[in-house]
Amino acid sequence: SGIENLVTLDMGGTSTDVAVIKDGEEEFTTNFEIEWGIPIQVPMIDIRTIGAGGGSIAWVDKGGMLNVGPKSAGADPGPVCYGQGGTEVTVTDANLILGRLNAENFLGGSMEIDYDAAYEAMSKLGEKLGMTLEEAAISVIQIANNNMADALRMVLIEQGHDPRDFAMLIFGGAGPVHASDLIDSADIKKAIIPKFPGQFSAVGF
């Protein structure tokens, strides 16, 4: 593409990874923890991870505020719309209800989606919040987007980069549907979506 400055965003089912490529070179860090409190001091690509994915669960805290993630429904049982026994609303359910996913062509039409179950679960969440179904779904998406936009700003601005000098390469099974929202909120000028975004990491390996 000839683009030398990229911020990458990989949104899968459970998490989102972001990283920076500046002047065609990946950025490295030696500040990394294998697990909480177990640091290692070897150079590796600087990838930041947050708990935001298609399976991130929407929940209401004790103060009545809506939260999204970091807990995830994972692949099993997965989002409510997967029809595998999931009961907690996820980002994928919100995208489906808002028409941002095509229920007739999910996984190329190979996976049947339970729209009615997602609709019922989102309605219950809306009732808890005093919102309509659509308002609840939009709120779930907005919170997930805010979390990812914060991660983009964190890797760019804290390292002295101007987001306007970067294009966002967005991939992962859940990522591209959020591309327009994220470049707008993070003040990034362009989004690039690979032809097969759900397989992009595997192709990279």
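A: Met154 is partly exposed, with a relative accessible area of 32%. Buried here means under 20% relative accessible area, exposed means over 50%, and partly exposed lies in between (1.4 Å probe, protein chains only). Met154 sits in helix H3, residues 133–157. Helices (H or I, at least four residues) and strands (E, at least two) are DSSP runs, numbered from the N terminus.

The model is predicted: local features need pLDDT of at least 70, side-chain atom pairs count only at pLDDT 80 or more, and totals for chains, interfaces and linings use all residues. Residues are numbered from 1 along each chain as its sequence is written, and side-chain values use heavy atoms, with hydrogens and water left out.

Stay on helix H3. Asp150 and Arg153 form a salt bridge, with the closest N and O atoms 2.8 Å apart. A salt bridge means a side-chain nitrogen of Lys or Arg within 4 Å of a carboxyl oxygen of Asp or Glu. Because Asp150 and Arg153 are three residues apart in helix H3, about one helical turn separates them. Asp150 is partly exposed at 43% relative accessible area. Arg153 is partly exposed as well, at 29%. Side chains of opposite charge can pair when their charged atoms come close.

Now the other salt bridges. The structure holds six of them. Glu158 is linked with Asp46 and Arg48 in a network of salt bridges. Within it, the side chains of Arg48 and Asp46 meet at 2.9 Å, N to O. Asp46 is buried, with a relative accessible area of 12%. Another salt bridge pairs Asp181 with Arg100, their closest N and O atoms being 3.2 Å apart. That pair links distant parts of the chain, 81 residues apart: Asp181 is in helix H4 (residues 179–185), and Arg100 is in the loop between helix H1 (91–97) and helix H2 (115–129). Asp181 counts as partly exposed at 28% relative accessibility. Arg100 is partly exposed, with a relative accessible area of 28%.

Phe28, Ile45 and Ile47 make a nonpolar patch of about 290 Å². Patch residues have over 30% relative accessible area and no salt bridge; nonpolar side chains (Val, Leu, Ile, Met, Phe, Trp, Tyr) are joined within 5 Å, and like charges within 9 Å. The areas come from the Shrake-Rupley method with a 1.4 Å probe, and for residues only the protein chains shown count as cover. Ile45 belongs to strand S7, residues 44–45. Ile45 is partly exposed at 41%.

A patch of negative charge gathers Glu4, Asp23, Glu25 and Glu26 on the surface. Asp and Glu count as negative, Lys and Arg as positive; His and the chain ends are not counted. Each charge is placed at NZ of Lys, CZ of Arg, CG of Asp or CD of Glu. Glu26 lies in strand S3, residues 25–26. Its relative accessibility is 34%, so Glu26 counts as partly exposed. Asp23 is in the loop between strand S2 (16–22) and S3. Asp23 has a positive phi of about 55°, although it is not a glycine.

Asp187 has a positive phi too, near 60° in a residue other than glycine. Asp187 lies in the loop between H4 and strand S12 (190–192). It is partly exposed at 39%.

Next, the cis peptide bonds. One joins Gly69 and Pro70, with omega about 0°. Pro70 is in strand S10, residues 66–72. Another joins Asp76 and Pro77, with omega about 15°. Pro77 sits in the loop between S10 and H1.

Asn31 lies between strand S4 (28–29) and strand S5 (32–35). Asn31 counts as exposed at 65% relative accessibility. Asn31 and Met44 are 13 residues apart in sequence, and their C-alpha atoms are 8.9 Å apart.

Finally, the whole fold. The protein has five helices and twelve strands. Of its 205 residues, 40% count as buried. The C-alpha atoms fill a box of roughly 50 × 40 × 30 Å along the principal axes.
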